[in-house]
Amino acid sequence: MISKEQLKKTFLELIAIDGIFPYEQKVSEYVEKRLTDAGVLFVKDSFENIIAKIPGEGEAIMISTHLDIPEPAPDVKCKEKGDIIESDGSSILGADPKSGLAVLVDFLCDMAKTDPSTHVPIEALITRGEEVGLVGALNADYSKISAKIGLVLDEDGPVTQVVTKAPAYVRIDADIIGKIAHPRDPNDGVNALQIACEALNQIPWGYSTEGVTWNVGLFEAGTARNSIPGRVHFKGELRSFDTERAMKEGERIEKICKEVAEKHGAEFKIQRELEFESYELERSDPLFERLDKTFKRMNLEPNYYETFGGTDGNVFNSKGITCVPIGSGYYNAHQYSEYVDLAEMQEIAEFLKEFVSDI
């Protein structure tokens, strides 16, 4: 069994390394050194994702997580209380994904010492750029992956948290281009901020329509206090379990913004892209037979559920690798109150060992 002290050491070393996309190189170098020192064979694909393999018998299983954190955290400070390691509140902890990454690194190093006849082949895909739109998974070289089932270490909570349904995601980057002018002559300008407010006010926040969530997370307007804003840029997103519905809602939002902009003599530009599709897995899939057996052997009760959060698992399922995100021992993801539970991380490592040993 991998000790909590070993997991703690790896986790603390990882959170001490900053790494947002596309600057995950130092995190990647840490992982590569650990794998090399343990004798784990790995390659990097053209997108710099890490693909590690441990030989075994039977059909391969993929286990995945990612390298990047959601925002810069160059000087992480944490507090420890028993098995809990938490942020001191001054930044994120980087628990998403580094609890799962610590577990996976220590698991691979441990499994490299085991008899290959006691487990199936293990393929680990460690991606870049998950937080900015699953770009590592989207650009991974799947010719190097033979597994047809897998687990993704990228969900809140204990190992018993298993996501069986997740939404499609539509990214929207938009510009409203008016005309800048001095506020002493307001009729000489075309106020892009006013136009954006009018257009966005026509789109309900939260659920813009039934079954589709809508959010604008970033909004920029104008260039100076004493200038009528001639340009607005905003970044938004749509999520739905129904991929087609999410795409149609994107079309509707584009139409609203364009009509309002044209009414005021402004230009509207938009980049609208389906970043990943939704998935819903059936409990009859062979993956769940293996999951159920593993949970039973460990006397654990799984919680199979749906979420409106996306992971690399969305991409993997669309590529023919049936997989589920599972709890990675972290809590309050992306918040300055993030924390991890070392006992749960140890249980996840033990679960992975049991999961790949059912041959």
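# Close-up views of a predicted model

**View 1. Tyr 305 in its strand.** Tyr 305 is found in strand 15, which comprises residues 303-306, and the structure shown in this and the following views is a predicted model. With a relative accessible area of 19%, Tyr 305 is buried, because buried here means under 20%. Although Tyr 305 and Gln 161 are 144 residues apart in sequence, their C-alpha atoms are 7.7 Å apart in space. When residues up to four places away in sequence are not counted, Tyr 305 touches Glu 155, Gln 161, Val 162, Val 163, Thr 164 and Lys 165.

**View 2. Lys 165 and the residues around it.** Lys 165, which is one of the residues touched by Tyr 305, is found in strand 8, a strand made of residues 161-166. Lys 165 counts as buried, with a relative accessibility of 18%. Once its neighbours within four places in sequence are left aside, Lys 165 is in contact with Phe 241, Tyr 279, Glu 280, Tyr 305, Glu 306 and Thr 307.

**View 3. Helix 3 against helix 9.** Helix 3 (residues 95-111) and helix 9 (residues 342-357) pack with their axes 10 Å apart and at an angle of about 45°, and the two helices are therefore oblique to each other. The crossing in which helix 3 passes helix 9 is right-handed. From helix 3, the residues Ser 99, Ala 102, Val 103, Phe 107, Asp 110 and Met 111 meet Met 345, Ile 348, Ala 349, Leu 352, Lys 353 and Val 356 of helix 9. Sorted by class, this contact of helix 3 with helix 9 has 9 nonpolar residues, 1 polar residue and 2 charged residues.

**View 4. Helix 7 against helix 9.** The axis of helix 7, which spans residues 286-297, comes within 9 Å of the axis of helix 9, and the two cross at roughly 125°. Helix 7 and helix 9 are therefore oblique to each other, and helix 7 passes helix 9 in a right-handed crossing. On the helix 7 side, Leu 287, Arg 290, Leu 291, Thr 294, Phe 295 and Arg 297 take part, and they meet Phe 351, Glu 354, Phe 355 and Val 356 in helix 9. The residues of this contact between helix 7 and helix 9 divide into 6 nonpolar, 1 polar and 3 charged.

**View 5. Helix 1 against helix 9.** Helix 1 and helix 9 pack with their axes 9 Å apart, at an angle of about 105°, which makes helix 1 roughly perpendicular to helix 9. The residues Lys 4, Leu 7, Lys 8 and Phe 11 of helix 1 meet Leu 342, Ala 343, Met 345 and Gln 346 of helix 9. By class, the contact of helix 1 with helix 9 has 5 nonpolar residues, 1 polar residue and 2 charged residues.

View 6. Most residues other than glycine have a negative phi, and most peptide bonds are trans. The peptide bond that leads from Phe 21 to Pro 22, however, is cis, with omega near 5°, and Pro 22 lies in the loop between helix 1 (4-15) and helix 2 (25-38). A cis peptide bond also joins Asp 96 and Pro 97, where omega is about 15°, and Pro 97 is found in helix 3.

View 7. Glu 48 is not a glycine, yet its phi is positive, at about 70°. The loop that holds Glu 48 runs between strand 1 (41-44) and strand 2 (50-54), and Glu 48 is partly exposed, with a relative accessible area of 37%. Asn 332, which is likewise a residue other than glycine, has a positive phi near 60°. Asn 332 has its place in the loop between strand 16 (322-331) and strand 17 (339-341), and at 29% relative accessibility Asn 332 counts as partly exposed.

View 8. The structure holds 0 disulfides. For Cys 197, the closest cysteine sulfur is that of Cys 257, and at 11 Å the two sulfurs are too far apart for a bond. Cys 197 counts as partly exposed, at 45% relative accessibility, whereas Cys 323 counts as buried, at 0%.

Notes: Residues are numbered from 1 along each chain as its sequence is written. This is a predicted model: local features need pLDDT of at least 70, side-chain atom pairs count only at pLDDT 80 or more; totals for chains, interfaces and linings use all residues. Side-chain values use heavy atoms; hydrogens and water are left out. Axes are lines fitted to C-alpha atoms, for helices over the stretch in contact, and angles run from 0 to 180 degrees between N-to-C directions. Helices (H or I, at least four residues) and strands (E, at least two) are DSSP runs, numbered from the N terminus. Angles under 35 degrees count as roughly parallel, over 145 as roughly antiparallel, 65 to 115 as roughly perpendicular and the rest as oblique. A crossing is left-handed if the near helix is turned anticlockwise from the far one by less than a right angle, and right-handed if clockwise. Contact means heavy atoms within 4.5 Å. Ala, Val, Leu, Ile, Met, Phe, Trp, Tyr, Cys and Pro count as nonpolar, Asp, Glu, Lys and Arg as charged, and the others, Gly among them, as polar. Buried means under 20% relative accessible area, exposed over 50%, partly exposed in between (1.4 Å probe, protein chains only). A disulfide is a pair of cysteine sulfur atoms within 2.5 Å.
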